[in-house]
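User: I have a structure open and want to work through some of its contacts. Can we take it step by step?

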Amino acid sequence: MVTRDDNAVQTLGQDGGRPGGPAPGPSEAAAAAFQAGVWVLARPGESLRDFMAASLGFPASYIEGSVSTVFLDASPVDDIDAALVKPGCLVALSGAMPGLVGAVMRRRSPYASFRTAISHAGESADEAAGGEAAGGDRGPSGPEEACLVRLKLFNAVLRDMGRMVIERGAWLESAEAGQAAPTAELPGAPAASLIRLPA
Amino acid sequence: MDTIVRIDVGAQGGPKVRKEPVGSYAGYGGRALTSMMVAREVPPLCHPLGPENKLVIAPGLLSGTAAGQSGRLSVGCKSPLTGGIKEANAGGQAAQVMARLGYAAIVLEGAAPEGSCFLIYVNKDGIGVENAPQYKGLENYDLIEEIKKRYGEKVACISIGPAGEQRLAAASIACTDMEMHPTRHAGRGGVGAVMGAKGVKIIVMDDAGMPMRQPKDAEKFKAANKAWVEGLKKHPVTGSGLPAYGTNVLTNIINESGGFPTYNFKQGQFDGASKISGESYAAMMVKRGGQPTHGCHRGCVIQCSGIYNDADGKFLSKQPEYETVWAHGANCGIDDMDAIAMLDRLDDDIGLDTIEMGATVAVAMEAGVLKFGDAKGAIELIKEIGKGTPLGRIIGSGAAVTAKAFGLERAPVVKGQAMPAYDPRAIMGIGVTYATSPMGADHTAGYAIATNILKVGGYVDPLKPEGQIELSRNLQIATAAIDATGMCLFIAFAVLDQPETFQAMLDLLNAFYGLSMTNDDVVALGKAVLKAERDFNAAAGFTKEADRLPEYFKREAIAPHNVTFGIKDEDLDKVFNW
């Protein structure tokens with residue numbers, strides 16, 4: 001059983017919602033992993049805002065000012081307080097994107113009507129904490145117990161926050177990592193073994 | 001910039017150059033000028049490759065000035081690809097140089113004698129036209145190398161490659177960038193075929209001795225430009241995202257949304273997307289000594305272009321744009337950065353629209369000509385076009401023709417033009433624009449500026465599904481107006497989020513021309529351009545049935561969201577009810 005370590009939340013500079021000082025991005029291999037998706041720990045049923053703040057350690061100002069584009073299970077999210085994390089779900093985080101369709105995908109975009117058919121509709125906390133959509137038996141459901149979710153980081157968010165997420169714990173499926181030996185058993189893992197990304 | 005140059009390529013005794021004042025075209029630039037001129041002067045029922053068609057090349061209203069991002073060049077004609085009116089635009093140096101030389105437009109008219117290969121040379125002393133058969137058949141890169149030997153490296157060029165000479169419907173017109181690479185293309189609609197039909201291989205422009213265009217109110221212009229540039233630099237997209245990763249920063253995002261057309265629009269996500277993303281390209285460019293942050297013309301503030309080197313560190317192509325990466329990448333099942341960059345290079349060299357080519361190669365893959373994911377085969381297929389083989393001529397005629405030639409229904413086109421990189425089933429609002437734009441399927445037709453700033457047609461609730469019709473209308477109106485300025489469309493990101501930056505753009509126009517334009521004037525200009533374009537198409541035989549997506553987009557759901565295009569035809573017919 002794994003629980004979240006809230007004490008591990010790091011403090012970043014708050015100016016302008018960006019980390020203080022020039023933060024180097026993650027390594028090329030880690031950047032590739034984040035774009036394809038890594039596994040991280042989360043609390044079932046927490047909102048996406050809480051997931052970013054508590055589970056990933058993003059400063060509140062960074063979430064509000066810089067994480068402009070958010071997807072949950074391939075659906076663009078407008079309300080990060082209403083969209084809830086489920087065991088095994090896929091969360092993707094990005095900065096503001098160019099192009100009309102880039103703008104369409106932003107949170108609370110004035111062009112959100114262009115993507116009505118795919119926008120995230122929100123769900124109940126019960127559903128998110130382990131309901132049918134979550135795969136039923138995937139991971140624990142207690143409020144302090146952790147589950148695994150898949151996380152993708154793109155562009156500026158990857159550059160700004162990738163290293164910190166690695167330090168807090170990010171895992172690859174062993175097949176993706178090209179290694180065989182498991183180093184951790186984690187709740188709700190889709191594969192028998194996961195490899196932790198090196199800090 | 002108060003002169004229009006008309007060159008009758010079929011005149012008795014050789015091409016005849018005639019200059020005239022802008023006259024009734026005063027106040028128009030870029031797309032506004034090209035579309036108004038085509039609408040007034042080209043018979044809508046003419047053959048696009050015939051003598052009655054005209055090729056109108058026009059810089060924007062602010063091109064050649066100190067205004068940031070003002071280097072867009074518009075090219076207009078009746079399109080050989082769609083059969084309707086066409087405006088395609090490009091970056092590069094040409095618009096700035098043409099504007100400084102004082103020309104509001106260069107218009108190619110008439111029918112060139114068979115076998116013509118004209119070079120047009122423009123400088124401060126005038127315009128000359130010569131037959132230059134030594135350039136016939138050259139690809140764009142080799143052509144520009146020859147031009148550099150003769151005219152030096154400070155000229156700007158507008159040229160066609162073998163595709164344009166073959167008058168193929170997917171042929172583009174190339175503009176040189178700051179390094180004199182022919183990398184910036186007016187790509188869409190086969191404008192290169194019309195230039196080929198006029199027998200013109202290249203226009204070389206030299207603005208030596210010509211000063212920057214001066215505003216009527218220098219102080220106001222300077223202040224407006226300062227606010228304008230500051231607005232672009234402070235916005236996270238134009239100030240950070242685009243310079244760092246280029247337009248291809250969109251690949252990961254659109255793929256994540258499930259709206260990234262893959263395998264000829266069969267699914268909305270591509271497993272190899274992260275391998276060809278803007279982030280991955282930027283890392284590769286740095287590793288190989290290229291540049292992920294680079295402008296395509298002087299005065300560019302955003303710097304979203306880039307230089308992509310091959311494995312040996314030698315220049316291969318510009319950083320491929322998002323549309324190119326999608327078209328030749330996901331849509332063809334190719335996840336190899338070098339292969340996509342090579343396809344980009346070949347498109348530029350042969351003179352082809354990368355969107356149309358990616359869509360067409362995918363259609364050929366579906367037809368079994370080659371397999372999805374076959375990068376080598378795709379490269380060879382594009383080379384066929386340069387060689388002028390029968391297969392190459394089919395591919396070079398675009399996705400609709402290729403699907404017909406191979407007996408396929410699944411051609412992702414509207415009005416004969418291939419859809420760009422956003423699936424209209426997942427992102428239905430863009431499908432409204434694809435369907436109804438006078439240009440055929442075009443992602444840039446409805447791009448700029450929100451209803452909340454311009455207040456076109458009243459307030460639209462962005463969360464109401466029915467807002468898609470109104471929003472598409474408003475975006476198309478605004479974009480038509482912005483296309484008149486010569487401003488790069490990427491300004492849209494800063495303009496739509498920052499009303500003060502939109503105001504700065506208006507202030508630039510007002511200070512330069514001594515005007516007092518308001519939002520209402522911008523809206524009126526956009527509407528006038530769209531009306532002229534729609535009227536031309538109607539006279540060319542387009543009915544409301546042309547404003548539709550192919551039926552299979554209503555029938556075949558796309559994963560992962562399993563949605564079909566659900567906008568009703570009667571709603572599409574309301575887009576231009578204003």
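User: How are α12(B) and α13(B) oriented to each other: roughly parallel or roughly perpendicular?

Analyst: This is a predicted model. Helix α12 (residues 354-366) and helix α13 (residues 375-387) of chain B pack at about 115 degrees, their axes 11 Å apart. Angles from 65 to 115 degrees count as roughly perpendicular. The two helices are therefore roughly perpendicular.

User: Which residues of α13(B) meet α12(B)?

Analyst: The α12(B) side of the contact has B:Met357, B:Val361, B:Ala364 and B:Met365. Their partners in α13(B) are B:Ala378, B:Leu381, B:Ile382 and B:Ile385.

User: How many nonpolar residues does the contact of α12(B) with α13(B) have?

Analyst: Sort the contact residues by class. None is polar and none is charged. The nonpolar count is eight.

User: What area do chain A and chain B bury between them?

Analyst: Start with who touches whom: 36 residues of chain A are in contact with 46 of chain B. Of the buried area, 68% is on carbon and sulfur atoms. The total is about 3,400 Å².

User: How far apart are the closest N and O atoms of A:Lys152 and B:Glu256?

Analyst: Two salt bridges are found across the interface of chain A and chain B. A salt bridge needs the nitrogen and oxygen within 4 Å. A:Lys152 and B:Glu256 form a salt bridge, with a closest N and O distance of 2.9 Å.

Methods
Residues numbered from 1 in each chain as written. Chains lettered and ligands numbered in written order. Predicted model: local features only at pLDDT ≥ 70, side-chain atom pairs only at ≥ 80, totals over all residues. Heavy atoms only, no water. Axes fitted to C-alpha atoms, helices over the stretch in contact; angles between N-to-C directions. Helix = DSSP H or I, 4+ residues; strand = E, 2+ residues; numbered from the N terminus. Parallel < 35°, antiparallel > 145°, perpendicular 65-115°, else oblique. Contact = heavy atoms within 4.5 Å. Nonpolar A, V, L, I, M, F, W, Y, C, P; charged D, E, K, R; others polar. Buried area = accessible area lost by both parts, 1.4 Å probe. Salt bridge = Lys/Arg side-chain N within 4 Å of Asp/Glu carboxyl O.
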